[in-house]
Amino acid sequence: MPDIRRCLQTLPPTLNQTYERILLEIQRSSEANAGRARAALQWLVCSVRPLYLPELAEAVVIAPRSGAPFDEADRFFDQMDAAEILSSLLSVQPLDKAGGYGPHVRLAHFSVQEYLTSTPILHGPVSMFVVEKNLANRFVFESIICSLAYHQHHLKSRSADRWFRTSSLPLFLYAVQCWKTHVRALELKPDDHTVQALLHFLVQGLFLCLEQASNLGSYVPWEEAFSKALDNTTLQLRLDCSLYYACLQGFPLWVVETLLDHGARPNPPMDQLNASLKAGPLHVAWRAESVDFLLRNGAMFEARNPQEQTSLH
């Protein structure tokens, strides 16, 4: 009983101080643990849906801006070790309630997220764990494309079916479902590293396996057009298709600006695009700022598609 009383007397008086103490212990444990905990918190705060444990275990070993962003040798031998880094800040849902892909993991309480995104942590001893939403979305997006680029290099295939049949891609399902949401969340233009990463991701067609996975069994005209543009070595066609896709998906204005700056055309010749995609970016743009920007940069609203429709229809 005396030991229990002493422990109770040393408990921090507020939740924020409790969270600070937990994070201090993680910070002091090791640099590697602190880095992985920081990555996990970025993911948990801004993930579009609850993460599965295998996804979190994979995500925390990706370092997007390091010399070697991903190495399979860095994976945890036991995925539960990834959850244990965050101690009591994390809640792991039993497998029988989460489905066959693995237990769900989430922050233990909404107040944990409130603390991680608050001013007190920013000016305290555990400021390395602060989560700023725009930077966290940037980190998650860069982690996704690092993982995909690594595995695409090793699989040497753009086939979504091949990727689904590969068991060593824990983040693939999350990437399929959520990567576009993270791009849309980047309303503030990120630094040049992220801009160039997204440009490469689009123009080189690395995202195509994600779209093929989400559209399995469906015919998608622009997907066929982009596949043929990739088989064609002409960079211009890839840029034009990327601009079409960015407008169609409602990506932030800075994405549209970047593609135009790199040579994408607001009025691509219809005969140079695949027959299934005879429409310009203005026909599919739905964000007002993108429509305005395209018009101010020469997009012709009177241009007609094969159905004789202008962008006003």
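Modeller: Start with the pocket, then. This is a predicted model. Its largest pocket has a volume of about 400 Å³.

Biologist: How does one find such a space?

Modeller: Rolling a probe the size of a water molecule over the atoms shows where empty space is left. Here, 25 residues line the largest pocket. Closest to its centre are Ala39, Ile62, Ala63, Pro64 and Phe139.

Biologist: Which elements give two or more residues to that lining?

Modeller: Helix 3 and helix 9 (133-155) do. Helix 3 gives the most, with six residues.

Biologist: How does the lining of the largest pocket divide by class?

Modeller: It has 14 nonpolar, three polar and eight charged residues.

Biologist: Let us step back to the whole chain. How many helices and strands does it have?

Modeller: The chain has 18 helices and three strands. It runs to 313 residues, and 50% of them count as buried.

Biologist: What share of the contacts links residues 24 or more positions apart?

Modeller: Among contacts with a separation of 6 or more, such pairs account for 66%.

Biologist: Take Trp179. What does it touch beyond four places in sequence?

Modeller: Its partners include the aromatic residues Phe141, Tyr174, Phe201, Phe207, Tyr245 and Phe251. Ile144, Leu202 and Leu210 are also on the list, and so is Glu211.

Biologist: How should I read one helix against its surroundings?

Modeller: Begin with the geometry. An α-helix has 3.6 residues a turn, so residues three or four places apart point the same way. Then list what is buried. In helix 16 (residues 253-261), that gives Trp254, Val255, Val256, Thr258, Leu259 and Leu260.

Biologist: Which helices do the buried residues of helix 16 pack against?

Modeller: They pack against helix 12 (192-203), helix 15 (235-249) and helix 18. Leu259 of this group is also one of the residues with the most partners in the largest nonpolar core.

Biologist: What follows helix 16?

Modeller: Gly263 follows, with a positive phi near 115 degrees.

Biologist: Where else is phi positive, in a residue that is not a glycine?

Modeller: Look at Ser87, with a phi of about 55 degrees. Ser87 sits in the loop between helix 5 (80-84) and strand 2 (90-92). It counts as partly exposed because its relative accessibility is 42%.

Biologist: Where does Ala299 lie?

Modeller: Ala299 is in the segment after helix 18 (288-296). Ala299 counts as buried, at 8% relative accessibility. Outside four places in sequence, Ala299 is in contact with Pro266, Asn267, Leu282 and Leu294. The C-alpha atoms of Ala299 and Leu282 are separated by 6.9 Å, at 17 residues apart along the chain.

Biologist: And a proline: is Pro54 buried or exposed?

Modeller: Pro54 is buried, with a relative accessible area of 11%. It lies in helix 4 (residues 53-59). Pro54 touches Gln79, Tyr101, Gly102 and Pro170, not counting residues up to four places away. Pro54 and Pro170 are 116 residues apart in sequence, yet 5.9 Å apart from C-alpha to C-alpha.

Note on methods. Residues numbered from 1 in each chain as written. Predicted model: local features only at pLDDT ≥ 70, side-chain atom pairs only at ≥ 80, totals over all residues. Heavy atoms only, no water. Helix = DSSP H or I, 4+ residues; strand = E, 2+ residues; numbered from the N terminus. Buried < 20%, exposed > 50% of the residue type's maximum accessible area, 1.4 Å probe, protein only. Contact = heavy atoms within 4.5 Å. Core = buried A, V, L, I, M, F, W, Y, C linked by side-chain atoms within 4.5 Å. 1 Å grid on protein atoms, 1.4 Å probe; cavity = no way out; pocket = protein on both sides within 12 Å on 5 of 7 lines; lining within 4 Å. Points joined across faces, edges and corners; volume = space filled by probe spheres on them. Nonpolar A, V, L, I, M, F, W, Y, C, P; charged D, E, K, R; others polar.
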